[in-house]
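Here's a quick briefing to read with the structure open beside you.

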Amino acid sequence: MGFRCESLLCFFLIAWLVFLQEASAGQHYYNVTRLRGRKQVNGCNLFRGKWVFDPSYSFYDSSGCPFIDAEFDCLKYGRPDKQYLKYSWKPDACSLPRFNGVSFLAKWRGKKIMFVGDSLSLNMWESLACMIHASVPKSRTTYVRKDPLSFVTFEDYGVTLYLYRAPYLVDIVKEKVGAVLNLGSINGGNAWKGMDMLIFNSWHWWTHKGKSQAWNYIRDRSALYKDMNRFVAFNKGLTTWARWVDSNVDTTRTKVFFQGISPTHYEGREWNQPKKSCYGELQPLSGSTYPAGAPPAAAIVNKVLGMMKKPVYLLDITTLSQLRKDAHPSTYSGDHSGNDCSHWCLPGLPDTWNQLLYAALVM
């Protein structure tokens, strides 16, 4: 779902966010040397590059992975082309290590890894489970799907991949007026403690309005609002999350990642094809830049991460994902009516997100 901003206040807010984005262009949050995300990995920006055709892809066959939801299983639900599976991400200044599931399991033996966020976290969680499963197809697994907590355990290695559904990261609480999005509350964070790796994500649900909106009011401290500028709300909610991480996570024990803003492709004008959407797109955009530039929400993420005391690594997947207008389920989803230009096919783009996660851990 796209997000439009029409008020004068929103116009000035976006202008301010764009300024922040440009002003911080030289200090992206990529460092793993001191796990703060302030420098590049061994002198290489993993997130600047281009897509190249690679016949060795994909990492797995969807029919052989037991963890893929119907909404992401594009081949099963009729997608006729397979070229979208055959692209690999090539950084400009280095080569990405090929994902090795056996090596990943050995390194994280006995550990707990948790994805926290919305359906884009689900997309990435299922992708990683499939990538690992393809490396050890005979390994015993335990698979449990519940709301808000699901998990896959690779029993022979004691590695558990958790998914905690928290689309806003902050809480929705019941009050007399109805469901309230409380920008200052993260009681759900109690379930995130004790992990060895945390991968957070949020944004898409902040744009939802009408019947798809999950709350009736927004609370900002003692003030209750029927609505609020969504960029302002996102900034406040993400700042609450940042304070929670700074206060509750021991980053000498737990690696913390933030999954960058995942783009949508409903508006072809963003790539200079105003009559198009993701429907019928068969290949990525060429080059390394997206005509419409970065979404304003990405500037908020950079701003909040830049103010944190604890090290958080930004998986800056926004631009490389913007180039993949061909990688959405579109109409080939088993659990999403209409044209889905928000989520991603599996196998597909989220596999590259996990390859970048793997690279950040091993390079």
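Predicted model: local features only at pLDDT ≥ 70, side-chain atom pairs only at ≥ 80, totals over all residues.

Local features need pLDDT of at least 70 and side-chain atom pairs count only at pLDDT 80 or more, while totals for chains, interfaces and linings use all residues, and side-chain values use heavy atoms, with hydrogens and water left out.

**Disulfides**

- The count comes to 4 disulfides, a disulfide being a pair of cysteine sulfur atoms within 2.5 Å.
- One of them joins Cys 65 to Cys 130, with 2.0 Å from S to S, and at -85° about the S-S bond this link is left-handed.
- Cys 65 lies in the loop between strand E1 (49–53) and strand E2 (87–91) and Cys 130 in helix H3 (residues 119–135), so the bond ties together parts that are 65 residues apart in sequence.
- Those element names are DSSP runs numbered from the N terminus: helices are H or I with at least four residues, and strands are E with at least two.
- Both Cys 65 and Cys 130 are buried, where buried means under 20% relative accessible area, exposed means over 50%, and partly exposed falls in between (1.4 Å probe, protein chains only).
- Another disulfide runs from Cys 74 to Cys 345, again listed at 2.0 Å from S to S; its torsion about the S-S bond is about -95°, so it is left-handed.
- That pair links distant parts of the chain, with Cys 74 in the loop between E1 and E2 and Cys 345 in the loop between helix H6 (318–322) and H7, 271 residues apart. Both Cys 74 and Cys 345 are buried.
- Cys 278 and Cys 341 are joined too, at 2.0 Å from S to S, and with -80° about the S-S bond their link is left-handed.
- Here Cys 278 sits in the loop between strand E12 (255–259) and helix H5 (296–306), and Cys 341 in the loop between H6 and H7, 63 residues apart. Cys 278 and Cys 341 are both buried.

**Aromatic contacts**

- The whole structure holds 22 aromatic pairs. Rings of Phe, Tyr and Trp (its six-membered ring) pair if their centres lie within 6.5 Å; planes under 30 degrees apart count as stacked, over 60 as edge-to-face and the rest as tilted.
- Phe 99 and Phe 104 have ring centres 5.9 Å apart and planes at 40°, so this pair is tilted. Both Phe 99 and Phe 104 are buried.
- Tyr 164 and Trp 192 are edge-to-face, at 6.1 Å centre to centre with 75° between the planes.
- Tyr 164 is in strand E6 (residues 159–165) and Trp 192 in the loop between strand E8 (178–182) and strand E9 (197–200), 28 residues apart. Both Tyr 164 and Trp 192 are buried.
- One aromatic cluster takes in Tyr 164, Trp 192, Phe 200, Trp 241, Trp 244 and Phe 258.

**Charges over rings**

- Arg 79 has its charged end over the ring of Tyr 84, 3.8 Å from the ring centre. To count, NZ of Lys or CZ of Arg must be within 6 Å of the ring centre and within 35 degrees of the ring normal.
- Arg 98 lies over the face of Tyr 57, at 4.7 Å from the ring centre.

- Most residues other than glycine have a negative phi, and most peptide bonds are trans.
- A cis peptide bond joins Tyr 57 and Ser 58, with omega about 15°; Ser 58 is in the loop between E1 and E2.
- Leu 346 and Pro 347 are also joined by a cis peptide bond, with omega about -5°, and Pro 347 is in the loop between H6 and H7.
- Leu 169 has a positive phi near 70°. This residue is in the loop between E6 and strand E7 (171–175), and at 2% relative accessibility Leu 169 counts as buried.
- Asn 272 has a positive phi near 65°. Asn 272 is in the loop between E12 and H5 and, at 59% relative accessibility, counts as exposed.

How values were computed: Residues numbered from 1 in each chain as written.
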